[in-house]
Amino acid sequence: MFPTDTRGDRDRLLTLAEAIAAALDAVRPVRETETVPLLEAYGRVLAADLSARLDVPPHDNSAMDGFALYRADLQADGPTRLPVIGQALAGHPYAGVVPRGVAVRITTGAVLPTGPDTVIMQEQCAIAPDESEIVIEPKAAARLKPGENIRRRGEDVQSGTVLLPGGSRLRPQEVSLAAGQGIAALTVRRRPRVAVASTGDELYEPDVELPPGAIHESNRYLLIGLLRRLGCAVSDLGILRDRRDTMLPVLRDAAAAHDVLLTSGGVSVGTADLVKDVIAELGTVEFWRLAVKPGKPVTFGRIQDCLVLGLPGNPVSVMVSFLMFARPLLLKLMGARPVDAARLRVRADFQFRRKPGRREWLRARLRFDSDQALLASIYHTNSSGALSSLCWADGLIELPEDCAGVAPGDTVDYLPFSGLGVE
Ligand code: AMP
Ligand code: MG
């Protein structure tokens, strides 16, 4: 079912697009839903289309603090005097019908009283000290169009229309829109359950003394943060040693209880790279190795219904392969509507040599040149072990498979981290 580099042309690696297409095919969005109060809905995925129940605004109302009047009462050849007969305040509508030849004091958001068709800003009127009367000069009258400064009923939202489509990821503004509809709880998909493990004999937690030759493990701290931001429920499996007998039961049990298993390390070609073998023993490895840099050894498999994403060990490979490969799969699993990552065309201020063949990402930063055009710089080293480069960068430059190098002044694609869900 899946193209792999072990069938057909043995040396051809899957492109990122092929890998994502094949893997997306295997992803079924989580089906269970839950209804959560608005304040717990941020970041969740709306389960189904949500219809508007109300017109917003519910009445014609004033967009300004001023006076409601009949536009036709204003004279062009001299000042217009209008007695002020009452007031309409936000939350306190004017009760009666307003006759011609008068004005009503009105505040922003107050319901437009019956009769008047226009609101004049208070700054455009001379107001009697006791507010019993206003005077409008011809110049101010000339500037005031009929219907001005009024927000019409249903101008923002019409009842019965789709307020938010299913699959929307709920940002503060979507939650706020629901609140404005008098909707107090939203039905969202359950969060995907993702288990995260780091593999390697050299890895130790940040709070322990390191034995000789060891390093502190950092990938889980990257992946768990990325997953939480995306809206997944994360289980931390900790560090797994490079031994089949320790890895196998942990991954088997985790696969039974999660939608996704996300590992880092152990998918390369070294003797201690056992993750692929263990996945193959427990389920299937659908494909391994992509035409990308960094992140070539990315592995995709399944253990029963659980998807297994085996990311490489190098920290930069982990972040890049998460953002480029794992993220679109997880978004589908979450039931989110697909959106392309934001992409800017910018100018390179650097030289970069490479061989065509793999899609490559460079850690990059943007700045403005003297003409206010966007210029991208890259980090001083391209090593995929340099975790500090990810803190320096604010995004990635993407070089397509056929790119043969970059010269200063060339146009390149820049993907801001913010467009990939990392601010
Ligand atoms: P591997 O893919 O297991 O061969 O790992 C590649 C490189 O990434 C090695 O230098 C590992 O020490 C390093 N590495 C693997 N996992 C982690 C981790 N969780 N935290 C930091 N470095 C790691
Ligand atoms: Mg390893």
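Leaving aside neighbours within four places in sequence, which residues is arginine 327 in contact with? Arg169, Leu230, Phe322, Gly419, Leu420 and Gly421. Contact here means heavy atoms within 4.5 Å.

Before going on, some ground rules. This is a predicted model, where local features need pLDDT of at least 70, side-chain atom pairs count only at pLDDT 80 or more, and totals for chains, interfaces and linings use all residues. Residues are numbered from 1 along each chain as its sequence is written, chains are lettered from A and ligands numbered from 1 in the order in which they are written, and side-chain values use heavy atoms, with hydrogens and water left out.

Back to arginine 327. Its place is in helix α7, residues 315-334. Helices are DSSP runs of H or I with at least four residues, strands are runs of E with at least two, and both are numbered from the N terminus. Arginine 327 is buried yet has no salt bridge. Buried means under 20% relative accessible area, exposed means over 50%, and partly exposed is in between, with a 1.4 Å probe and protein chains only. A salt bridge is a side-chain nitrogen of Lys or Arg within 4 Å of a carboxyl oxygen of Asp or Glu. For arginine 327, the nearest side chain of opposite charge is glutamate 423, 8.7 Å away. On charge, Lys and Arg count as positive, Asp and Glu as negative, and His and the chain ends are not counted.

Two strands pair if DSSP finds at least two bridges between them.

β18 and β20 pair in the antiparallel sense over 4 bridges. Threonine 284 has arginine 302, in β20, as its bridge partner.

Next, salt bridges. How many does a search of the whole structure find? It finds 27. Take arginine 153 and aspartate 55, whose side chains meet at 2.8 Å, N to O. This pair links distant parts of the chain, 98 residues apart. Arginine 153 is in the loop between β10 (150-151) and β11 (162-164), and aspartate 55 is in the loop between β2 (50-51) and β3 (61-62). Arginine 153 counts as exposed, at 53% relative accessibility. Aspartate 55 counts as buried, at 19%.

Another bridge joins glutamate 174 and arginine 171, with the closest N and O atoms 2.7 Å apart. Glutamate 174 is buried at 10%, and arginine 171 is partly exposed at 45%. Elsewhere, salt bridges that share partners join Arg343, Arg345, Arg359, Glu398, Glu401 and Asp413 into one network.

Cysteines now. The structure holds 0 disulfides. A disulfide is a pair of cysteine sulfur atoms within 2.5 Å. Cysteine 232 counts as buried, at 5% relative accessibility.

Last, the backbone. Most residues other than glycine have a negative phi, and most peptide bonds are trans. Here are some exceptions. A cis peptide bond joins valine 56 and proline 57, with omega about -10°. Proline 57 is in the loop between β2 and β3. The bond from lysine 293 to proline 294 is also cis, with omega near 0°. Proline 294 lies in the loop between β19 and β20.

Then phi. Glutamine 304 is not a glycine, yet its phi is positive, about 50°. Glutamine 304 sits in the loop between β20 and β21, and counts as exposed at 67%. Glutamine 372 also has a positive phi, about 65°.
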